[in-house]
Every structure is written in C-alpha cells, then in structure tokens.
Amino acid sequence: FAPALHLTVAVGSVILLAQGFHLILQTISPEVAPRLTNLKWWLTTNNVNASYNIKLAATIKINKMLENAHRLHYTTVHDNCTGKPAVGDEAVFNFHVWGEEMESCGGFRWTWRKIRDKSLFRKEGLWINNRFIVGQTSHVIIG
C-alpha cells in the first residue's frame with residue numbers, strides 16, 4: 001500500500017498547488033495583473049484563454065474576408081492595379097479571375113498536421129476547443 005499512499009500524496013499536493021494558484025488569481029487586483037507578465041500562463045484561467053482564442057480566431061477570419069474583398073474590388077485585371085474601385089461587371093470578372101486560386105485541404109492527416117503546428121488557427125482562423133480534440137482522439141483510439 002506504500003506506492004498507493006505516495007501516489008495519493010503526490011496527486012493531493014498537485015491539487016493543493018492548483019487551488020493555491022487559483023486563490024492567488026482571485027485575490028490579485030486588475031491593476032497589478034498586467035505587471036505579472038512572467039506569470040501570465042499560470043495566472044490565467046481556462047475560460048480567459050478560451051475567450052481570447054475565440055476572439056483572435058474571429059479577428060483572423062474577418063481580416064481574411066476583408067483582404068479578399070479588397071483584392072476583388074480594388075484590383076482589376078484590365079487597369080493593372082490602378083487602385084480604382086471595381087464596380088458591377090468588373091467586380092464579377094475579378095471574382096472569376098481571382099476566385100480560381102485553390103489550395104488542397106481537408107482529410108484526416110492534413111487536419112491533424114495543421115492542428116499540431118497551429119497553422120489551422122493562425123492561417124485559417126479556426127480555433128478548436130480542447131474538449132472537442134480530446135473527444136475526437138478518443139473516438140479514433142477506441143474505434
């Protein structure tokens with residue numbers, strides 16, 4: 001029973017440390033928190049990180065949509081990028097010209113490779129919740 005006792009004490013110590021950090025987090029005032037940049041990883045809760053990631057992913061997606069719209073409406077093939085806004089038929093023509101740019105994507109390996117190197121988040125603006133990743137991984141392992 002000695003190994004089980006030691007394991008229980010170790011797990012209990014980790015839980016006690018985590019609760020201590022949570023208590024510190026709750027008692028720190030908002031004015032002091034920005035100065036603790038070295039402890040940022042330890043002092044932010046999971047909800048704060050999740051909210052930050054969702055907002056950052058939305059910002060990346062919106063910026064990408066605006067860049068695409070700007071490229072379609074302010075770059076025409078006929079006037080060689082003079083900067084005049086494309087209206088009507090020119091915008092549709094630009095959509096047909098620029099809309100043909102394709103990238104191979106999708107599939108099991110492609111998705112997991114992009115999740116691992118975080119380019120799915122940085123480039124595509126897709127943030128996947130950790131619970132979803134754990135659930136999908138368990139389905140793959142069990143299945």
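In what order do the elements of the protein chain run from the N terminus on? They run α-α-α-α-α-α-α. This is a predicted model, in which local features need pLDDT of at least 70, side-chain atom pairs count only at pLDDT 80 or more, and totals for chains, interfaces and linings use all residues. Residues are numbered from 1 along each chain as its sequence is written, and side-chain values use heavy atoms, with hydrogens and water left out.

**View 1. The protein chain has seven helices and zero strands.** Helices (H or I, at least four residues) and strands (E, at least two) are DSSP runs, numbered from the N terminus. Of the 143 residues, 13% count as buried; buried means under 20% relative accessible area, exposed over 50%, and partly exposed in between (1.4 Å probe, protein chains only).

**View 2. Leu-7 is part of a nonpolar surface patch.** Leu-7 lies in helix α1, residues 2-27. With a relative accessible area of 56%, Leu-7 is exposed. Together with Val-11 and Ile-15, Leu-7 makes a patch of about 290 Å². Accessible areas come from the Shrake-Rupley method with a 1.4 Å probe; for residues, only the protein chains shown count as cover.

**View 3. Lys-114 is a buried residue of helix α5.** Helix α5 spans residues 108-116. The relative accessible area of Lys-114 is 18%. Leaving aside neighbours within four places in sequence, Lys-114 is in contact (heavy atoms within 4.5 Å) with Ser-119 and Leu-120.

**View 4. The largest share of the lining of the largest pocket, five residues, comes from α3.** Helices α3 (46-74), α5, α6 (119-122) and α7 (130-142) each supply at least two residues of this lining.

Key
Patch = residues over 30% accessible without salt bridge, like charges linked within 9 Å, V, L, I, M, F, W, Y side chains within 5 Å. Salt bridge = Lys/Arg side-chain N within 4 Å of Asp/Glu carboxyl O.
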